Amino acid sequence: MVSERAGNDAKSGQPASSVHLQARCMDLDTRGKPVAILRSDSPLCRAEGFSAHARIHLRSQHDEIIAELFQTGSELLGTDQIGLSIPAWRKLQVCDGDDLHIAHPRPLRSLAHVRGKVYGQPLKPDALEAIMSDIVRGRYDEIELAMFLTAIASRALDDDELVALTGSMVDVGDRLEWTQPMLMDKHCVGGLPGNRTTPIVVAIVAANGLAIPKTSSRAITSPAGTADTMEMLAPVNLGLSTMRRVVEAEGGCVVWGGSVRLSPVDDILIRVARVMDLDAEAQMVASVLSKKIAAGSTHLVLDVPIGKTAKVRSRADGHALARRMESTADAFGLVTRIVLTDGSQPVGRGIGPALEARDILAVLQGVDDQPLDLRERAADLAGELLEMGGAAPPGQGRALATQTLVSGAAWRKFQAICRAQGGLRTPPSAPAREVMTAADRGTVQGFDNRLLGRVAKLAGAPAAPAAGVELHVHLGDRVEQGAALYTIHAETRGELEYAREFAGRNGEIIQWEAR
């Protein structure tokens, strides 16, 4: 049964009229995108003029969303029902049979500000607040999101606009408050395979008495995110109360940021920006800092790898990014130190969740064949935080970080953090492997970081956590014909063959000079 109720848009803020249908979960995974499904012969489609791919406003007793509409001729749904994808179902918090109010969305007034930016008009704080509010409520479709991202990339934001964007992204989410006066944090802008320093840095810093509650992301287009790798060693999907308990007990944590609602608009923007292959400086700055500010951080070390196939290509670009990061952070009272690092080759041996987790364990446990480049970079970054937090005198942070590793204090602290998060785990191993060898003798001259990451993803990472790439050489190494360059790890033979075929067609993944 379909019923209709009139409303008052001016007073209620809701669409002028809405129709009631019964909710039904379709168990459809749409990767975060709210989708609704109606029968093509539904009276609602005829009465309201809804067609496939239209956007509709859905409201339950608990929340409201904008969803993309699809139609079906199947009798799986009744004409008085509306099917919901898993993201839509969870957001609306409904049960089968609950009433939903369906209507046309209101006009998207904030889009006028985006259009103005396209033509060179500055974005005022109130305009950015309206845009962020509409985006986080799901009122922007992917084309409109792309329009916003293109506008701030092609018409660069000035310093005032960048501060306003960052603040608006913080304000539409939650903010964490802590009793500790100083909260340390670390972030890497990405673009470099491996480089999984965060769990090591957290262990070192917490072992020296500083608080470092670290929220990390999962992979979007890379073979592994920090949360994916840490999940191989301990649970990371912790609620806020559990996260607080872990930090109060051990001084640090490494948890998935999606379990706490910090700058949620950032995840929406990143998803579209990755598809566009667009890395706007303003978006990068606001993305990083909005989450750090919302997390309650007071001191931040930012790792900026620089290399031909890294995200930041030159030292000049790195210095420009550092200046904007520092000036924007300063507006919010966040003390920031930028570290420009070598991004010419992967860090560590593993690329992929389980393989990177094994590198972390090797460094923390101090085994003989640990990846020294990963250890040195982690010690450098942790040393910066130790100095910023007053745990080490200026110039002595790196030495203290190294001693914390050598003494075993970092390993003991890491085990304690993992136990507090739910228990230390053993990373899985991939059953299917193939070694890629050198076609000739020579010296390793370079790596294409993006192609290496692509091989790891084709092998199944990060969805297949044991999959990825294990490196056997680094820059400057001399190799003989037939020597192992890297090993592809996969959980199925089909994925292994797919990755191997791609690697075979791209000999420039590792470049060397024949001799």
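Start at D96, which touches A23, R24, C25 and W89 once residues up to four places away in sequence are set aside; touching, or contact, means heavy atoms within 4.5 Å. Before going further, a word on what you are looking at: this is a predicted model, where local features need pLDDT of at least 70 and side-chain atom pairs count only at pLDDT 80 or more, while totals for chains, interfaces and linings use all residues. Residues are numbered from 1 along each chain as its sequence is written, and side-chain values use heavy atoms, with hydrogens and water left out.

Back to D96. You'll find D96 in the loop between α3 (86–92) and β7 (99–103). Helices (H or I, at least four residues) and strands (E, at least two) are DSSP runs, numbered from the N terminus. A polar atom of the D96 side chain lies 3.0 Å from the backbone nitrogen of C25. With a relative accessible area of 54%, D96 is exposed. The cut-offs here are under 20% relative accessible area for buried, over 50% for exposed and partly exposed in between, using a 1.4 Å probe and protein chains only.

Q93 counts as partly exposed, at 47% relative accessibility. Most residues other than glycine have a negative phi, and most peptide bonds are trans. N195 is another residue to look at here: N195 has a positive phi of about 55° although it is not a glycine. N195 sits in the loop between β8 and α8 (198–207), and is buried, with a relative accessible area of 5%. For the peptide bond, turn to A461 and P462: the bond from A461 to P462 is cis, with omega near 0°. P462 lies in the loop between α18 (449–458) and β16 (468–471).

Now for strand β11 (residues 299–306). Eight of its eight residues are buried, so β11 is largely enclosed by the rest of the structure. In a regular strand the side chains alternate between the two faces of the sheet. In β11 both faces are covered, with H299, V301, D303 and P305 buried on one side and L300, L302, V304 and I306 buried on the other. Strand β8 (residues 184–188) runs parallel to β11 and is joined to it by five bridges; two strands pair if DSSP finds at least two bridges between them. M184 stands opposite H299 in β11. β8 is mostly covered too, with four of its five residues buried. Eight bridges join β11 to strand β12 (residues 335–342), again in parallel, and H299 has V335 as its bridge partner in β12.

A further sheet is open and has three strands in the order β17-β15-β19, with antiparallel pairing. Its edge strands, each pairing on one side only, are β17 (478–479) and β19 (510–514). Strands of a sheet pair through backbone hydrogen bonds, either parallel or antiparallel. Two bridges join β15 (residues 442–447) to β17, and G442 has V479 as its bridge partner in β17. T443, also in β15, is buried, with a relative accessible area of 16%. Among the residues T443 touches are R478, Q511, W512 and E513.

Last, the second largest pocket, with a volume of about 180 Å³. On a 1 Å grid over the protein atoms alone, a pocket is an open set of points with protein on both sides within 12 Å along at least five of seven lines, and lining residues have an atom within 4 Å of a point. Grid points are joined across faces, edges and corners, and a volume is the space filled by probe spheres set on the points. Of the 13 lining residues, A354, L355, R358, E470 and H489 are the closest to the centre. Helix α14 (residues 353–365) gives the most to the lining, with four residues. The lining divides into five nonpolar, three polar and five charged residues.

Methods: On a 1 Å grid over the protein atoms alone, a cavity is a set of points where a 1.4 Å probe fits but cannot get out, and a pocket is an open set with protein on both sides within 12 Å along at least five of seven lines; lining residues have an atom within 4 Å of a point. Ala, Val, Leu, Ile, Met, Phe, Trp, Tyr, Cys and Pro count as nonpolar, Asp, Glu, Lys and Arg as charged, and the others, Gly among them, as polar. A polar contact is a pair of N or O atoms within 3.5 Å; within protein, one must be able to donate a hydrogen and the other to accept it, and residues adjacent in sequence count only if both atoms are side-chain atoms.
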